[in-house]
Amino acid sequence: MKSLIPALFTVGALMVLFGAAVYITSWEVAPYVYTIGATMVALAQINSPSKSSRANVKRLRRQQIFGALLLVLTGAFMFFTHGNEWIVCLTVAAILELYTAIRISQEEAKE
């Protein structure tokens, strides 16, 4: 399972990027591609083992998983709303994901 996590994350991230990019063209399949990719990213992050037992890293991991769940929620917004709510949700998710990716690596380097 450990070797599948990076591949699951990479394929999911590419699907998220592609789905979000083509959603604005009103392609009917775009929300499906995005949501499947976001689910793959969320599963990869939930199942990735933490190298640290420090409280800061555990808190950051919870924030990272919350960001991944916001990515999936963005897919729901793509399906059920027809405004730009999905853009706001995606932006918040992206900021959380970027912040936690940087901070987790910094905290793990301290050990």
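Colleague: How much space lies in the second largest pocket?

Modeller: Rolling a probe the size of a water molecule over the atoms shows where empty space is left. In this predicted model, the second largest pocket holds about 170 Å³. A pocket is an open set of points, on a 1 Å grid over the protein atoms alone, where a 1.4 Å probe fits, with protein on both sides within 12 Å along at least five of seven lines. Its volume is the space filled by probe spheres set on the points, joined across faces, edges and corners.

Colleague: Which element gives the most to the lining of the second largest pocket?

Modeller: H4 does, with 5 residues. Lining residues have an atom within 4 Å of a point. Among them are Phe9, Val41, Leu90 and Glu97. Helices are DSSP runs of H or I, at least four residues, numbered from the N terminus.

Colleague: At what angle do H1 and H2 pack?

Modeller: Two packed helices are described by the angle between their axes and the distance between the axes. H1 (residues 4-23) and H2 (residues 30-47) pack at about 150°, axes 7 Å apart. That makes H1 roughly antiparallel to H2 (angles over 145 degrees). Axes are lines fitted to C-alpha atoms over the stretch in contact, and angles run from 0 to 180 degrees between N-to-C directions.

Colleague: What are the ground rules?

Modeller: Residues are numbered from 1 along each chain as its sequence is written, and side-chain values use heavy atoms, leaving out hydrogens and water. Local features need pLDDT of at least 70, side-chain atom pairs count only at pLDDT 80 or more, and totals for chains, interfaces and linings use all residues.

Colleague: Which residues lie nearest the centre of the largest pocket?

Modeller: Ile5, Ala44, Ser48, Pro49 and Arg61. That pocket holds about 400 Å³.

Key. Helices (H or I, at least four residues) and strands (E, at least two) are DSSP runs, numbered from the N terminus. Angles under 35 degrees count as roughly parallel, over 145 as roughly antiparallel, 65 to 115 as roughly perpendicular and the rest as oblique.
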